[in-house]
Amino acid sequence: MDYMIDKNIPARGKRFGSVTGTIVEMTPGRAGGRRMDGCILFVTIEDMDGRTIVFMLTPSTYVVDFETLSVGMLTTFWYDAEAPMPLIYPPQYNAVVAAQEKNGRMVCVGYFDSCLVNTEQTLQLNLDGSVDLRTTNNQYFQGNPANHNLVVTYENSTRSIPAQTTPSRVTVLCE
């Protein structure tokens, strides 16, 4: 399939990677050899293929719906695929977003352009007055969400390409 590309807008690659798995351990973390008094949490998950991955949750990690994560919970974690990562086993990522998997709720994390289409061209947002626009600290977002990294929470979409949805909530990942 061919897509027309606007030459005036810089191309953006897929910035966020994601892993879904069951939380098997949660331990308080340290940074730089000093104790962080519980502000950092290392969450170990086991993905669907049995692989172990560790995510570091910091005060800047956005947890969808401000849910409390716990052992046994099926959760998806998104990380910045462009950030440097240590070459260790098991792999360790800094979590940017975390969301418990729930029936009927879908979450998309990524960059949305001026037409509110994500980088992968798989989802287009239809924003009407009912859409809850927020920042990661749960304040109302006063600007235009286009051309931002967004966390989109929705329940259904069309079967078109790209799929279209009127989300229940859009959270802007302000840089």
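**Close-up views of strand pairing and a pocket**

**View 1. Pairing of strand E1 with strand E7.** Gly-17 has Tyr-79 as its bridge partner in E7. The model shown here and in the other views is predicted. Strand E1 covers residues 16-28 and strand E7 residues 74-80; the two run antiparallel and are joined by 7 bridges.

**View 2. Pairing of strand E1 with strand E4.** E1 also runs antiparallel to strand E4, residues 41-47, with 7 bridges between them.

**View 3. An open sheet of 4 strands.** The strands follow the order E9-E12-E14-E11, and their pairing is mixed. Strand E9 (106-112) and strand E11 (132-135) are the edge strands, each pairing on one side only. From one strand to the next, the twist averages 20 degrees.

**View 4. Parallel pairing of E11 and E14.** Edge strand E11 pairs with strand E14, residues 169-172, in the parallel sense over 4 bridges. Asp-132 has Arg-169 as its bridge partner in E14.

**View 5. The second largest pocket.** This pocket holds about 210 Å³ of space. Its lining consists of Arg-15, Phe-16, Ser-60, Asp-80, Val-96, Thr-136, Leu-173, Cys-174 and Glu-175. By class, the lining residues comprise 4 nonpolar, 2 polar and 3 charged. Two of the strands shown above contribute to the lining: Phe-16 lies in E1, residues 16-28, and Asp-80 lies in E7, residues 74-80.

Definitions and conventions:
Residues are numbered from 1 along each chain as its sequence is written. This is a predicted model: local features need pLDDT of at least 70, side-chain atom pairs count only at pLDDT 80 or more; totals for chains, interfaces and linings use all residues. Side-chain values use heavy atoms; hydrogens and water are left out. Two strands pair if DSSP finds at least two bridges between them. Axes are lines fitted to C-alpha atoms, for helices over the stretch in contact, and angles run from 0 to 180 degrees between N-to-C directions. On a 1 Å grid over the protein atoms alone, a cavity is a set of points where a 1.4 Å probe fits but cannot get out, and a pocket is an open set with protein on both sides within 12 Å along at least five of seven lines; lining residues have an atom within 4 Å of a point. Grid points are joined across faces, edges and corners, and a volume is the space filled by probe spheres set on the points. Ala, Val, Leu, Ile, Met, Phe, Trp, Tyr, Cys and Pro count as nonpolar, Asp, Glu, Lys and Arg as charged, and the others, Gly among them, as polar.
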